[in-house]
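Let me put the thing up on the screen, and then I'll walk you through a few places in it.

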2 protein chains.
Amino acid sequence: MAATVKSSSSALPAPFDLAGFLATRTAAVNQALDRFLPAATTKPATIHRAMRYSLFAGGKRIRPALCLAAAAACGGDEADALPLACAVECIHTYSLVHDDLPAMDNDDYRRGKLTNHKVFGEGIAVLAGDALLTQAFEIAARCQGWPRYSHQNIILELGQAAGSLQLIAGQVADLEGEGHRISARQLRYIHERKTSALLCCSVRLGGMSANCTQVQLKALTSFGYNVGLAFQVIDDILDVTQTSEKLGKTAGKDTKAQKATYPAIVGLQRSRRIAARLTQQAFTALRPFRGKATALAALAEYLLRRDT
Amino acid sequence: MAATVKSSSSALPAPFDLAGFLATRTAAVNQALDRFLPAATTKPATIHRAMRYSLFAGGKRIRPALCLAAAAACGGDEADALPLACAVECIHTYSLVHDDLPAMDNDDYRRGKLTNHKVFGEGIAVLAGDALLTQAFEIAARCQGWPRYSHQNIILELGQAAGSLQLIAGQVADLEGEGHRISARQLRYIHERKTSALLCCSVRLGGMSANCTQVQLKALTSFGYNVGLAFQVIDDILDVTQTSEKLGKTAGKDTKAQKATYPAIVGLQRSRRIAARLTQQAFTALRPFRGKATALAALAEYLLRRDT
């Protein structure tokens, strides 16, 4: 991770200590998740150990960080956004646990550690994913609610992003696309749902926790959408350019599984240009925040430049 | 199904047309579920076909019926309880889809039809379960909310019943108990979580949708708990006494999988007495409703006497 990201973008007028931001927010999110989840010894211990194994496997907490940064951009108190940041991370983790199952991507490693089902067995891995998904809604429901955004709005926002028209739709299309020739447009459909939807939801929930205006919510939506797509394009690029060791998961897996990726469809150079353009569009979306969205901008730049 | 159940219980002063009640409520619930769920043709069609396949596989809609009956017992409008009744049925269905997976109970048949993964494959079955679970929270969030019970209360109620301390805890304990000698007390722990928790949640949510009093909620909790336990004891009995054809699923499966059941631990006769006693306790719990809980009482009696 770069110590301090200095951006040329107009959205970033001054250097921003992103490493410091990520370190403090990751610590706060980890602490909150630890508080929200039943202890590893709570009966039946197996399920709580399995849930915690994947939830505390060293995830970079990108979605929670985006959620908290969005709250700050809207002038909110990040502490109010914390349950929503944790809820989104639970959803993200559940989706990884289920995606790694033999019936899906059949992955043995994730973040350099054995996947959930390799440690706890398939049955428990299915249940641990189920439990994390359920826990996400419980945690989100524990938020305080806001004048413009009620508990109902929050739960619907989360449910729609995680549901069969977004996150799960992306996973289904991804599964069904394996071994087939698909177009750049179809690939975008998958990426929008598989990755962009939950990233977008993360920043929107952050804004909602600051009781943001409609103008702010629209700006965050555009930002989250573009950052989410860029994130997945970079993921595709890293899959073909990095080693498994560096990624902590099996590199080259997409090519091997005959999965459509940006580099496979439009080439590596053009993929890089697409990711850069999407990130630029994300910066542009931040204009209404007039310099108050430094953390969001720094995160977008970091996600573009990352090498893991 | 018995046309009309005539009970000797004091909670049932007059014959109650349970068949009529179940038929109209099942129709209402099916219609509402059809409205809440994306159409089978909505992209990606596979997931919506898979969700609907299991959701409309001929389930008896016991939990929704209990939810609506509880609303009526508390003087509420059943229409207000409908989203909650549907949410509970989505949770129940998701749990069956995942329980039937090869990594769990490995069942080929359910309600006389091939299980979800036998039709759609394991990957889609995992995702269909995930989508039904997510949909449940979305549907529940669409309820109107009540003075005593906010959307927050409703989501927490549902999340806790479905979570790692209840429904999922029961499934984990069930998985871990296979092939081991367990005590009647441990079996009760499993049954309380695997079955009773969601049944109890169904009647509680029904009461909440009628803005019930604390006294009513306490009565419904006791009723739901006892009916839920009786339900599972009867399930265990039917597994050893009925044919697969009649049950629409593989009979004798529990014995074969060396799963602990009431008949295996305390014998068939004592199991029947336990189920009857639990149902009697459920009747007793209904006293505060002074004859207004006829549908609930008839359902409890029906669940005790059922042969499928």
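So, to start: by what turn, and with what shift along the axis, can chain A be laid on chain B? Before I answer, keep in mind that this is a predicted model. The turn is 180 degrees, the shift along the axis is 0.0 Å, and the RMSD comes out at 0.0 Å. The two copies are thus related as by a two-fold rotation axis. If you want to find that axis from chain A, go to A:His151: its C-alpha is the nearest one in that chain, 3.1 Å from the axis. And both copies use the same surface, with 100% of the contact residues of chain A turning up again in chain B.

Now the contact itself. Chain A puts in 41 residues and chain B puts in 42. On the chain A side, four helices each give at least two residues: helix 2 (45-55), helix 6 (122-141), helix 7 (151-162) and helix 8 (167-177). Which of them gives the largest share? That's helix 6 of chain A, with 13 residues. As for what kind of residues we're talking about, the side of chain A that touches chain B has 23 nonpolar, 14 polar and four charged ones.

Okay, let's move over to chain B and look at helix 3, residues 62-73. After helix 3 of chain B you come to B:Gly75, which has a positive phi, near 80 degrees.

Last stop, and a contrast with that helix. Have a look at B:Thr243, in the loop between helix 10 and helix 11 (244-247) of chain B. Why does B:Thr243 count as exposed? Because there are 8 C-beta neighbours inside 10 Å, and the cut-off for exposed is 12 or fewer. From there, B:Thr308 is 65 residues away in sequence, yet the two C-alpha atoms are 9.5 Å apart in space.

That's my tour, happy to go back to any of it.

Notes
Residues are numbered from 1 along each chain as its sequence is written. Chains are lettered from A and ligands numbered from 1 in the order in which they are written. This is a predicted model: local features need pLDDT of at least 70, side-chain atom pairs count only at pLDDT 80 or more; totals for chains, interfaces and linings use all residues. Copies are superposed by least squares on the C-alpha atoms of residues with pLDDT of at least 70 in both. Two residues are in contact if their C-beta atoms, placed from the backbone, lie within 7 Å. The expected span of a helix is 1.5 Å times one less than its number of residues. Ala, Val, Leu, Ile, Met, Phe, Trp, Tyr, Cys and Pro count as nonpolar, Asp, Glu, Lys and Arg as charged, and the others, Gly among them, as polar. A residue is buried if 20 or more other C-beta atoms lie within 10 Å of its own, exposed if 12 or fewer, and partly exposed in between; C-beta atoms are placed from the backbone.
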